[in-house]
Structure formats: structure tokens, C-alpha cells
Amino acid sequence: MTAENGNGEGETLPERKAFFKDIYRRADGDPGMVPWADLAAKAKLHEWLVRHPGNEDLAAIDIACGLGDNAEALAVAGYATTAFDLSDHAIRWARKRFPHSPVDYRSADLFNLPEAWREHFDLVNECYTLQSMAPGTLPETAAAVASLVKPGGTLLVYARWREDGAEVNGPPWPLEKSALHVFAGLGFALEHEDLFTVNRPGRTIPHSFAIWRKAKSG
Ligand SMILES: C[S@@+](CC[C@H](N)C(=O)[O-])C[C@H]1O[C@@H](n2cnc3c(N)ncnc32)[C@H](O)[C@@H]1O
């Protein structure tokens, strides 16, 4: 990653993987060094889970779970929850933060997932991973996310976005607004989309929280 390629051109998946592993390794247990670590589940996810509680027969997975807060919210809502991240450091850290958690925390690569996970999960939660990969790799990233969802299952997607064609200087690379609908081309129907803003000092950041339903097979 260089200042010249903030639009993500030339950025490869191996480079992204090295970037993330490095962040957790260098943070060495200090969450202040992990830019996305809120140490709380996303409020929109929490609100959705209150209206859609799970049970032990419903399998959920949190993609690229980082320090585990969203995964814990899925488990508290009753889902039999798995969570994974590329970074072994992040996974060890999540387990340490939640020592009595029922969440099955695993080290895994979104682009090389266990075969047993294919179309296995009733509920898949994706937060901030799509925008973490260079824009050119969105089709591959979205397909990997989609592959985890059971036919008829639910996919939750929480992401930053920008207007189509707007300049971007990542990472992260907020999705172009039209790209928020990438899952429509992957066999999903949009059930609900909430476009809102998150206010940070001096910045208002467009966000989307979307609920997608995968078509039933056959
Ligand atoms: C911006 S963070 C978001 C973390 C978490 N989902 C959250 O919302 O706090 C992106 C996460 O993706 C993970 N990640 C990056 N590439 C990955 C890959 N190929 N497979 C699995 N996780 C990956 C990183 O380690 C990092 O934890």
C-alpha cells in the first residue's frame, strides 16, 4: 500500500492479508491500536437480533470477526455461533476476552474456507470486510461471503459506502453505492436496506446495514 494507490489499484489479496496480520501482531493486546475495534457489537446488528432471536438449531457465523464483539452478540441472541478471522492473534485475543464464550472461534481464510462451511449457515454476519479489500477484488470477496449462506438463509451486511464514481483513498475503500447490491447478482433478494450515517469528529460517514435472503434451492 502506498500513498499513490489509495484507490486500491494494484493492491493484491496477499498484501491485504499481510496488512491485517501485522496490525494485530503489532497491537500486542492494545485495542487502541486496532482502528476498527469498537469493543462493542454494532447497534444495528443488536437491534436486528432483538427482533430475530436464534436457537441452538440455527447456525450463525461472523465473518472476519476481529476481537469478537459481533460474534458474541450472535451467541447471546441464541444462535449456535462460529466466528473466524485470518489473524491467529485476533482469534487468540477474542478467546481471551470472552473465556466462557460458547462461540467457536477459528483461524480461517475467507478465500480458502473449510468445505464443511459451504452453504452451512442459517445466518451470516458480514461487517466491514468487503470494504477492507481493494475494490477490484469485490467480486471474489462477495462470492466467498455468499458461499457460507444456506439456501433460504439470511445474510447481514454492514458497510461504509460512497457515491458511484466518487474518489476513494483507502484503506478502507467504502463500496460504491451500486456495489452495495452485489449480492443481488449472487442469488440473494434484498429484504431491507438501512442507509444511515455514523458521526465521527469532523466527519459524517455514510453506512449501510442490509438484510439479504438467499434463494431456496430447487
Ligand atoms: C476492518 S476489520 C473488521 C473486523 C470485524 N468484522 C469488525 O467489524 O470489527 C477486517 C477484518 O478482516 C480480517 N481479514 C482480512 N482478510 C481476511 C481473510 N482473507 N480471511 C479472514 N479474515 C480476514 C482482518 O484480520 C480483520 O479482522
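Where in the model is Asp28 found? Asp28 is in the loop that lies between helix H1 (13-27) and helix H2 (43-51). Keep in mind, as you look around, that this is a predicted model.

## The ligand and its shell

Let's start with the ligand, which sits in the largest pocket. There are 19 residues around the ligand, and those that come nearest are Tyr24, Ala64, Asp85, Asp109 and Leu110. By residue type, the shell holds 13 nonpolar, three polar and three charged residues.

Which secondary-structure elements each supply at least two residues of this shell? They are helix H1 (13-27) and strand S2 (80-85). The largest share belongs to H1, which gives three residues to the shell around the ligand.

In Asp85, a polar side-chain atom is 2.6 Å from an oxygen atom of the ligand. Asp109 also uses its side chain: one of its N or O atoms there lies 2.9 Å from a ligand nitrogen atom. Leu86 takes part through its backbone instead, with an N or O atom 3.2 Å from a nitrogen atom of the ligand.

How much of the ligand's accessible area does the protein cover? On its own the ligand has 590 Å² of accessible area, and the protein covers 95% of that.

## Backbone features in the loops

The loop between S5 and strand S6 (175-176) deserves a visit for its prolines. Pro171 is found in this loop, and the peptide bond that leads from Gly170 to Pro171 is cis, with omega near 0 degrees. Pro172 belongs to the loop between S5 and S6 as well. The peptide bond from Pro171 to Pro172 is likewise cis, again with omega near 0 degrees.

That brings us back to Asp28, in the loop between H1 and H2. What is phi of Asp28 near? The angle is near 50 degrees, a positive value in a residue other than glycine.

Note on methods:
Residues numbered from 1 in each chain as written. Predicted model: local features only at pLDDT ≥ 70, side-chain atom pairs only at ≥ 80, totals over all residues. Heavy atoms only, no water. Near = heavy atom within 4 Å. Polar contact = N/O pair within 3.5 Å; in protein donor to acceptor, adjacent residues only side chain to side chain. Areas by Shrake-Rupley, 256 points an atom, 1.4 Å probe, with all protein chains shown as cover. 1 Å grid on protein atoms, 1.4 Å probe; cavity = no way out; pocket = protein on both sides within 12 Å on 5 of 7 lines; lining within 4 Å. Sits in = over half its atoms within 2 Å of the grid points. Helix = DSSP H or I, 4+ residues; strand = E, 2+ residues; numbered from the N terminus. Nonpolar A, V, L, I, M, F, W, Y, C, P; charged D, E, K, R; others polar.
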